[in-house]
Amino acid sequence: GARRYVDGERRQYVNPLGYLLFTATATFLVCSMFQGAWVQGQAEAFEATWRSLRTEPDEVFRSGSPLRSLGWSSAQDLAAGIFQFFQQVQTYVGLFTCIVQACSSVSIPERTAAETLVFELYVTAQATLFLGVLGPLLFWAAPAYIGVLPIFLQVGLHTHGAGAFFGTHWRARLLPACAYLASGIVLVAGSGLLVVGAISYLA
């Protein structure tokens with residue numbers, strides 16, 4: 001679809017930005033229905049991780065701790081805060097990663113940054129749609145691992161779609177997936193620095 005849209009077949013295909021906004025809204029509504037299950041599963045995963053490190057959850061949220069200073073008093077509060085944060089920023093995150101990926105993929109011959117951005121928007125929209133469909137199944141089976149599903153979807157769809165859009169050469173297939181992972185690392189690193197800065201300021 002992305003290749004045909006770039007080639008001029010516009011009437012048969014929805015605008016890529018509109019498609020992304022539609023799928024993001026639909027997935028937002030679906031995930032909201034399963035918020036309780038995800039929060040419970042993620043809270044249990046947090047507690048299990050802390051206990052494996054020989055730290056009791058109550059100690060993590062003791063009075064004066066950085067997490068307590070940020071307004072979280074339990075693993076449930078922390079999981080709910082993370083869920084709500086990603087719900088609020090998911091569309092912006094998707095657009096940001098699309099732009100970063102488009103800039104990272106322009107080294108592929110015969111594709112401009114604008115054309116690559118169309119590809120990224122379509123792939124991200126399709127991954128978001130699949131997340132809305134597959135997410136409920138994972139909410140029931142293993143809600144603590146719902147966070148890794150978008151990564152698998154994005155990497156898989158980038159690798160598959162790149163064959164039709166950029167060419168079948170292994171470099172053309174792998175570069176978009178690598179660009180997605182790089183944009184994710186940049187986003188996580190930036191978010192981590194902001195959180196560390198906030199905790200240091202409040203401590």
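Predicted model: local features only at pLDDT ≥ 70, side-chain atom pairs only at ≥ 80, totals over all residues.
## Overall layout

Reading from the N terminus, the elements of this chain go α-α-α-α-α-α-α-α-α. That makes nine helices and zero strands. Both kinds of element are DSSP runs numbered from the N terminus, with helices (H or I) needing at least four residues and strands (E) at least two. The chain has 203 residues, and 35% of them are buried. Here, buried means under 20% relative accessible area, exposed means over 50%, and partly exposed is in between, using a 1.4 Å probe and protein chains only.

What about contacts along the chain? Take those between residues at least 6 apart in sequence: 70% of them join residues at least 24 apart. A contact means heavy atoms within 4.5 Å.

Residues are numbered from 1 along each chain as its sequence is written, and side-chain values use heavy atoms, leaving out hydrogens and water.

The pLDDT score is the predictor's confidence in each residue, on a scale from 0 to 100. The chain's mean is 78, with 82% of its residues at 70 or more.

## A cluster of rings

Rings of Phe, Tyr and Trp (its six-membered ring) pair if their centres lie within 6.5 Å; planes under 30 degrees apart are stacked, over 60 edge-to-face, and the rest tilted. By that rule there are four aromatic pairs. One of them joins Phe 46 and Trp 50, which are stacked with 5.8 Å from centre to centre and 20 degrees between the planes. Both sit in helix 3 (residues 35–52), four residues apart, or about one turn of the helix.

Trp 50 is buried at 14% relative accessibility. It also pairs with Phe 61: the centres are 5.5 Å apart and the planes at 75 degrees, so this pair is edge-to-face. The link joins distant parts of the chain, since Trp 50 is in helix 3 and Phe 61 is eleven residues away, in the loop between helix 4 (57–60) and helix 5 (66–69). Phe 46 is buried at 17%, and Phe 61 is buried at 4%. Ring pairs link Phe 46, Trp 50 and Phe 61 into a cluster.

## Helix 7 and its kink

Helix 7 (residues 113–141) has 29 residues and spans 40 Å from first C-alpha to last, close to the expected 42 Å. That expected span is 1.5 Å times one less than the number of residues. There's a kink of about 40 degrees at Leu 134, shortly before the proline Pro 136. The bend is the angle between axes fitted to the seven residues ending at a residue and the seven starting there.

## A buried histidine

Now look at His 158, in helix 8 (residues 149–165). Is His 158 buried or exposed? At 0% relative accessibility, His 158 is buried. Leaving aside neighbours within four places in sequence, its contacts include Gln 101, Phe 119, Arg 173 and Tyr 180.
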